[in-house]
Amino acid sequence: MSNRNAYLIEPPKDNSKAEQRRYMAQLRGEYQMDQPKLNVGRFLLISLIIMALLAGVLVFSNIKLAQIEEYNLAISQGAAGEVDSSASAYLVARVAAIAVMVIYGLYALVKVLQPKRRKPNRSFWGDMGIYVMLFGVAIAMAFPLIFSVASSLKPLDELFRFPPKVFPQHVTLDNFSDLITTLGQSYVPFFRYLTNTVFITFIGTFGHVVIASMAAFVLAKYDFPGGKTFFSIVVTALMFSGYVTGIPNYVIMSRMGMIDTYWAVILPAFAAPIGLFLMKQFMEGLPTSLIEAAHIDGAGEFRIFWSIVMPNVKPAWLTIIIFSVQSLWNTNAATVIYSESKKTLVYALQQIQAGGIARTGQAAAVTVIVMLVPITIFILSQSRILETMASSGLKD
């Protein structure tokens with residue numbers, strides 16, 4: 001903060017928390033008293049005009065590029081004329097328009113939101129740098145999802161075009177309709193595959209959360225012989241993937257007579273070590289005084305676990321739900337379930353994907369359907385995962 005602005009800092013008018021926060025924000029440079037108020041309506045109108053002009057440049061360049069591409073294609077097929085080499089200029093114009101739209105959009109967003117929220121940096125350009133970096137990371141993470149959804153909306157000829165284009169030129173839902181038609185011709189109804197997957201996912205996730213939470217509560221808050229050794233075994237089990245434990249799981253399920261049943265998939269999901277590890281780490285942060293106070297009030301062990309511990313570790317078991325749903329929803333269970341009427345939805349969809357080139361469009365639609373449920377679960381739960389536990393301010 002400059003010396004001139006330092007003299008403009010007003011001391012707190014009283015001892016209220018609001019005044020103290022305002023005063024500390026001024027000292028950190030996050031609140032400027034002499035900043036003029038932005039005319040939001042006028043700024044948005046100007047921004048709308050600028051974005052409309054940039055969009056016009058983008059649309060015009062796209063039209064010209066399409067015309068040049070068609071013209072050059074006709075020339076290559078024997079038509080009279082010379083090849084048009086002006087496509088590079090329109091390509092530069094299109095890239096520049098997109099870049100300016102993105103940069104100005106971020107600028108407008110920061111400018112409008114700046115008076116309403118705390119600045120992440122002391123300078124405006126520092127804010128812009130942070131937002132540009134976050135925007136780039138977001139684009140890199142969202143691109144696979146965008147490309148998958150766009151591919152499912154492309155006709156078959158665009159799916160085989162090289163170099164591939166991200167967005168479809170002729171949007172169609174034929175891939176999804178063809179997929180529904182193919183599933184309708186199956187010996188087992190589509191609804192049966194869906195019911196099997198939902199049942200396995202729901203029961204497996206519920207049992208995993210409950211069993212992992214109960215075991216983690218005992219390991220985190222009670223000392224007993226062999227407790228540390230048992231947790232060390234759990235940590236060691238994290239190193240082994242499902243491919244390594246596939247054969248032991250099959251042998252155990254076979255000797256228990258559960259091959260070709262739903263339980264051959266559900267029971268191994270109950271014992272996944274990741275849930276126990278996460279729950280124990282979260283429960284160790286709970287104050288022991290909270291549990292001792294519940295004991296003094298006469299609460300039983302199960303009442304303490306269900307009414308006190310579980311609500312305070314909600315971010316942990318919501319994270320477990322995401323991992324478990326993703327794992328169970330995407331399993332085909334082909335090694336332990338043989339009856340066609342007990343197969344999962346992913347197995348049926350994978351059989352369609354293996355149908356060859358003619359089913360490439362349906363395979364793109366299958367990819368979107370398979371990833372839809374885990375993404376939806378994550379979107380609905382992400383705000384809860386990052387929230388602070390209610391007992392974080394308590395000290396032993």
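## Ground rules

We're looking at a predicted model, where local features need pLDDT of at least 70, side-chain atom pairs count only at pLDDT 80 or more, and totals for chains, interfaces and linings use all residues. Residues are numbered from 1 along each chain as its sequence is written, and side-chain values use heavy atoms, with hydrogens and water left out.

Helices here are DSSP runs of H or I, at least four residues long, numbered from the N terminus. Buried means under 20% relative accessible area, exposed over 50%, and partly exposed in between (1.4 Å probe, protein chains only).

## The nonpolar cores

A nonpolar core is a set of buried Ala, Val, Leu, Ile, Met, Phe, Trp, Tyr and Cys residues joined through side-chain atoms within 4.5 Å. The largest one has 21 residues, and those with the most contacts inside it include Phe217, Met279, Met283 and Ile304. Helices H8 (190-221), H9 (227-237), H12 (273-283), H13 (288-296), H14 (301-312) and H15 each supply at least two residues of this core. H8 gives the largest share, five residues.

Apart from that core lies another, of 13 residues, with Tyr262, Val265, Leu328 and Val336 among them.

Ala365 is in helix H17 (residues 360-385) and counts as buried, because its relative accessibility is 0%. Contact means heavy atoms within 4.5 Å; leaving aside neighbours within four places in sequence, Ala365 is in contact with Ser152, Asn175, Phe176 and Leu179.

Not counting residues up to four places away in sequence, Ser151 touches Leu159, Asn175 and Ala364.

## Positive phi in two loops

Most residues other than glycine have a negative phi. Asp260 has a positive one, near 70°, in the loop between helix H10 (246-255) and helix H11 (263-270). Ala333 also has a positive phi, near 55°; this residue lies in the loop between helix H15 (314-329) and helix H16 (345-353) and is buried, at 5% relative accessible area.

## A greasy spot outside

Met133, Leu134, Val137 and Met141 form a nonpolar surface patch with about 430 Å² of accessible area together. Patch members have over 30% relative accessible area and no salt bridge, with nonpolar side chains joined within 5 Å and like charges within 9 Å. Areas come from the Shrake-Rupley method with a 1.4 Å probe, and a salt bridge is a side-chain nitrogen of Lys or Arg within 4 Å of a carboxyl oxygen of Asp or Glu. Leu134 is found in helix H5 (residues 124-152) and is partly exposed, at 47%.
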